[in-house]
Amino acid sequence: MTVLSFSQALRERTWSSHGESEGAGFMSDLMTGKGTRDDYIALVAQHFFVYEALESAAAAFAHDPIAQPFITDHLTRLPALEADLEFLIGDDWRDAIAPLATTDRYVRRIHDIVEDGWAGGFVAHHYTRYLGDLSGGQAIRRIMQRQFGFETNGVGFYLFDQIADPKAFKETYRDQLDAVAWDEAERERVIGEVLEAYRLNTRLFDDLAAAKAVA
């Protein structure tokens with residue numbers, strides 16, 4: 001019987017949820033040319049609030065022995081999101097955006113993990129967001145560039161200038177996951193939190209679609 005590494009088990013257990021998230025109607029429209037520039041801006045705005053929480057959590061866990069190996073400035077997205085929003089909306093972008101209901105829940109979930117000091121929960125959200133950005137996020141960038149005429153402005157969030165080889169980076173990240181000495185119960189708990197991150201992401205797309213419908 002082949003024993004899966006933790007990173008392999010994580011990928012297999014969450015694969016169907018990943019597909020559901022990527023296939024959500026709002027994103028499907030955006031990726032197939034049915035979405036608008038305003039739809040993309042709405043997505044970027046919600047990302048800002050999520051990554052503001054996630055990168056605040058990274059600062060809180062910076063010296064945690066479990067979380068610390070995963071934290072690197074090479075992944076930091078908040079400055080790029082701020083620059084994208086300034087380009088897309090203008091200097092008053094902060095006053096022009098607000099979190100949707102699921103975004104609020106997403107942010108609270110991350111803040112609760114910080115308050116609980118649960119490093120595994122932080123790693124679950126860190127893994128879900130950043131490895132997704134380095135994978136499917138690159139397809140989103142290319143499509144948005146082609147569809148809306150962006151070069152680097154507006155899609156800086158998806159540009160990881162300090163990561164020369166994303167494939168090698170992701171392999172190292174998975175090796176780090178496998179090196180953590182979690183027991184079976186904690187591994188299950190972390191996988192469960194990754195699944196929750198995917199559920200929140202899908203519900204966020206639903207919120208974006210609903211907000212567009214009443215605009």
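**Exercise 1.** Determine which residue lies over the face of Trp118, and at what distance from the ring centre.

*Solution.* A charge sits over a ring if NZ of Lys or CZ of Arg is within 6 Å of the ring centre and within 35 degrees of the ring normal. Arg189 lies over the face of Trp118, 3.7 Å from the ring centre. Likewise, the charged end of Arg77 sits over the ring of Phe160, at 3.8 Å from its centre. The model is a predicted one, in which local features need pLDDT of at least 70 and side-chain atom pairs count only at pLDDT 80 or more, while totals for chains, interfaces and linings use all residues. Residues are numbered from 1 along each chain as its sequence is written, and side-chain values use heavy atoms, with hydrogens and water left out.

**Exercise 2.** Classify the aromatic pair of Phe6 and Trp182, and state whether Phe6 is buried or exposed.

*Solution.* Rings of Phe, Tyr and Trp (its six-membered ring) pair if their centres lie within 6.5 Å; planes under 30 degrees apart count as stacked, over 60 as edge-to-face and the rest as tilted. By this rule there are 13 aromatic pairs. For Phe6 and Trp182, the centres are 5.4 Å apart and the planes stand at 75°, an edge-to-face pair. Phe6 has a relative accessible area of 2% and is buried (under 20%; exposed is over 50%, partly exposed in between, with a 1.4 Å probe and protein chains only). Trp182, at 10%, also counts as buried.
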